[in-house]
Amino acid sequence: MQNLRRASQGIFLLIFLFLFIQTESKGADELGYPVKFFLDFDPLIFITTLLSSHSVQKAFYLSVIVIIITLLLGRVFCGWACPLGTLNNITGSFSKRRRNAPSVNWNRAKYYILIFLLASSLFTMQLTGIVDPISLLIRSLSVSIYPLFNLSIASAFDSAYNSGPKGIVEITEPIYAVLKNNLLAFAQPYFLQSAFIGAIFLFILGLNLYEKRFWCRHLCPLGALLGILSRYSLLRREVSEGCNECGACASVCQGGAHPDTRGKWMPSECLYCRNCDDICPQKAVFFGFGKKENVLGTDLRRRHVIASAMGGVMVVPLLRTAPLSMPVNLSPQLIRPPGSLEEREFLKRCVKCGECMKVCITNGLQPSFLEAGLEGIWSPMLVPRIGYCEFRCTLCGQVCPTGAIKKLSQNEKASVKIGLAVIDKSRCLPHAHATPCIVCEEVCPTPKKAVWFEKAEVRGRGGELITLQQPRVDISLCIGCGICETKCPVQGMPAIYVINAGESRSEYNRLLL
Amino acid sequence: MNRRKFIKIAGIGGIGISFPACLDHLFTPAYSAEPDLAVASGSSAKAITKAAVDALGGMKSFISKGDIVVVKPNMAWDRLPEQAANTNPHVVAEIVRLCIEAGAKKVRVFDRTVNDPRRCYIQSGIKEAVEEAGGTAEYVDERRFKNVKINGVAIKEWPLYTEILEADKVINVPILKHHGLAKVTMSMKNWMGIMGSDRSRIHQKLDQSLVDVSSFVKPSLTVLDAVRVLAANGPQGGDLSDVKTVNAVIAGRDQVAVDSYGAALFGVNGSEIGYVRLAAEQGHGVMELEKLNIRKISL
């Protein structure tokens with residue numbers, strides 16, 4: 001069984017990583033792969049999004065398959081498929097601890113986290129993405145691990161290219177080309193908070209050294225959800241009379257499900273890895289359908305359940321009494337991707353999975369920190385100094401799993417305003433320094449350019465007359481894509497930049513009558 | 001004049017049969033002076049491209065066997081061919097094909113784009129067309145820009161793309177279109193696509209900078225695509241009503257002459273275009289159309 005399980009885990013992990021790497025433009029309008037596949041199968045996101053926004057993306061019906069499988073076979077998703085679970089497994093195998101027995105008795109924590117999330121989503125706040133394993137994994141890989149991986153590989157090849165011994169490029173460059181085409185990013189990704197988000201992820205992996213599958217056993221809310229379903233699953237573990245309670249199974253149990261004591265086995269904690277079946281020297285362990293044996297439930301403490309539910313309810317007003325929730329735009333830099341729903345509806349759906357940031361063709365979509373409040377931490381925002389919104393690109397809406405960013409056609413997108421470019425005349429070359437520059441107008445992508453020129457005659461220092469063109473922004477045409485800000489030659493603080501005023505998703509944040 | 005035409009004329013003269021065909025180039029100048037510019041018009045972009053090059057003596061008079069050739073189109077924008085912001089893919093592909101037919105060992109096509117390179121290469125249709133024609137269209141590798149002493153008037157030194165510096169022959173294949181500062185952008189402005197670093201600064205002295213870079217590059221041949229001309233909202237357009245169908249291709253060895261003719265086609269006198277005038281004044285080419293031998297071919 002062990003080899004079969006490892007093969008299954010390996011295949012799912014490879015599919016996951018393959019789809020992750022394919023979450024990148026090849027220049028066509030569509031990606032060609034269902035890159036958000038794993039998120040579609042995530043019942044935790046499905047249920048919490050349903051509760052918080054009362055809406056559902058059709059693709060989420062796939063997650064019903066996971067629910068059905070769990071009711072039939074138990075938490076096999078955790079043990080056999082979950083890519084984060086597999087990474088936990090792999091990291092755990094580096095642990096020197098022989099035994100798999102739990103070091104702490106925290107396994108109830110994950111249920112309290114789940115209850116907290118369900119309560120807050122019932123009261124319209126979607127915080128699941130922060131701890132949902134699939135969201136967490138994609139976000140951490142997108143924002144931190146993959147950029148790190150990419151930079152390390154690229155730097156190695158670059159140093160061979162720039163300063164390696166003569167002739168080495170004949171060997172390294174062809175290898176580099178193959179890697180670039182298949183594994184590496186088209187351009188080095190850079191993300192705000194990459195170290196922070198990466199540290200959280202590495203900490204979660206590191207916990208495996210303290211106790212194998214620490215995350216899966218004690219913290220994972222998806223594991224908790226599937227664990228609850230698993231209590232009713234048809235596939236059951238049974239121990240025959242031959243068991244002499246030698247304890248061999250406890251040392252290999254991945255879930256910490258107490259397999260070694262008769263009557264104490266917990267299906268909600270069992271990952272159905274079948275290690276106990278494999279190792280039992282008495283061949284006393286069986287997995288079979290239908291037969292009923294009394295099993296131990298998750299003995300949640302009533303007080304803790306109430307406390308976590310109350311916590312989930314109270315966190316909603318707590319986070320929403322910050323000034324950012326006032327009907328005043330206090331965060332002009334919060335430029336949402338095109339197709340984003342109105343801010344409140346957006347936050348009800350966004351699970352901060354980072355798919356949009358991974359796919360963003362210019363690297364402009366970045367994880368926010370407090371721009372959207374704590375509620376919106378790590379939700380996507382466009383930072384045009386890093387990258388602009390490519391006029392004819394619609395990928396972020398295509399990969400969003402929850403519909404927080406609507407899928408737009410190119411025609412629809414052309415008329416969606418995500419903000420407005422404003423000129424800072426104190427820095428703009430033609431305005432402040434009587435020096436010709438037309439970059440913002442040249443790159444402006446709207447068919448009738450939103451940046452236009454006013455002919456101006458100004459006097460130079462010596463009194464000479466200089467005729468030049470000074471840029472102006474046509475508010476009615478500007479869509480806020482930010483290419484002017486990205487390309488503005490005034491480094492550091494650009495002379496033209498985008499604020500979110502006038503974004504078409506908002507009823508409130510409008511500018512024109 | 002191409003070989004077939006020569007044989008025909010020579011045959012009529014009754015001397016063609018007495019010489020092996022390989023000697024025909026010895027006689028070509030004796031029959032007619034090669035034109036400075038060839039302007040071909042017609043509905044097939046490929047056919048007029050070939051006709052214009054043939055009128056200048058055929059690709060063999062530019063490319064030698066075994067040459068590594070750079071063909072530089074304008075594909076700076078994430079736009080479709082019909083939006084006329086990038087060079088027509090058929091024109092580029094035909095040039096690539098002619099180069100390979102003339103014995104080129106490798107034909108490289110690239111541009112340092114303004115929009116995302118992947119979208120520019122794919123959406124312009126150029127990558128696919130070039131690869132079909134036997135050339136390569138690789139993305140620009142930022143490591144391969146090399147500081148070069150240009151010793152121009154406005155630009156003394158600038159990082160340029162190594163492929164251009166190492167190529168045996170360089171062919172410029174720009175498109176004729178509107179531009180907010182330069183008024184019209186054609187072949188000389190197309191060399192911005194080989195410039196590294198923050199090239200947007202050159203807009204401060206655009207005309208002289210373009211003259212400096214283009215006179216440094218010195219292409220063997222310039223083929224200006226005027227099949228579809230973007231008449232307003234350039235250089236990237238987007239509105240099909242700004243696109244005029246002209247169905248012409250202009251070829252020549254002198255990029256100043258090509259641009260001067262292109263300007264005229266656009267409705268502007270070459271001397272009104274800053275970089276054309278400066279280039280002519282500084283002796284890099286001829287802008288007075290009346291001084292040029294222009295051959296017009298219509299298919």
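Reply: Let's take chain A. Of its 513 residues, 48% are buried. Buried means that 20 or more other C-beta atoms lie within 10 Å of the residue's own; 12 or fewer makes it exposed, anything in between makes it partly exposed, and the C-beta atoms are placed from the backbone.

This is a predicted model: local features need pLDDT of at least 70 and side-chain atom pairs count only at pLDDT 80 or more, while totals for chains, interfaces and linings use all residues. Residues are numbered from 1 along each chain as its sequence is written, and chains are lettered from A and ligands numbered from 1 in the order in which they are written.

Start with the outline. The C-alpha atoms of chain A fill a box of roughly 105 × 65 × 35 Å along the principal axes. Chain A has 23 helices and 8 strands. These are DSSP runs numbered from the N terminus: helices are H or I with at least four residues, strands are E with at least two.

Next, contacts. Two residues are in contact if their C-beta atoms, placed from the backbone, lie within 7 Å. Take the contacts in chain A between residues at least 6 apart in sequence: 75% of them join residues at least 24 apart.

Now one helix, α9(A). Still, α9(A) has a kink of about 50°, centred on A:Leu141. The bend at a residue is the angle between axes fitted to the seven residues ending there and the seven starting there.

Then the meeting with chain B. The contact takes 30 residues from chain A and 23 from chain B. On chain A's side, α9 (133-163) and α22 (439-443) are the elements that give two or more residues. α22(A) gives the most, with 4 residues. That side of chain A divides into 16 nonpolar, 5 polar and 9 charged residues. Ala, Val, Leu, Ile, Met, Phe, Trp, Tyr, Cys and Pro count as nonpolar, Asp, Glu, Lys and Arg as charged, and the others, Gly among them, as polar.

Last, the inside. The largest nonpolar core has 214 residues, and B:Val71 is among those that touch the most other members. Helix α7 (residues 109-122) of chain A gives this core its largest share, 9 residues. A nonpolar core is a set of buried Ala, Val, Leu, Ile, Met, Phe, Trp, Tyr and Cys residues joined through C-beta atoms within 7 Å.
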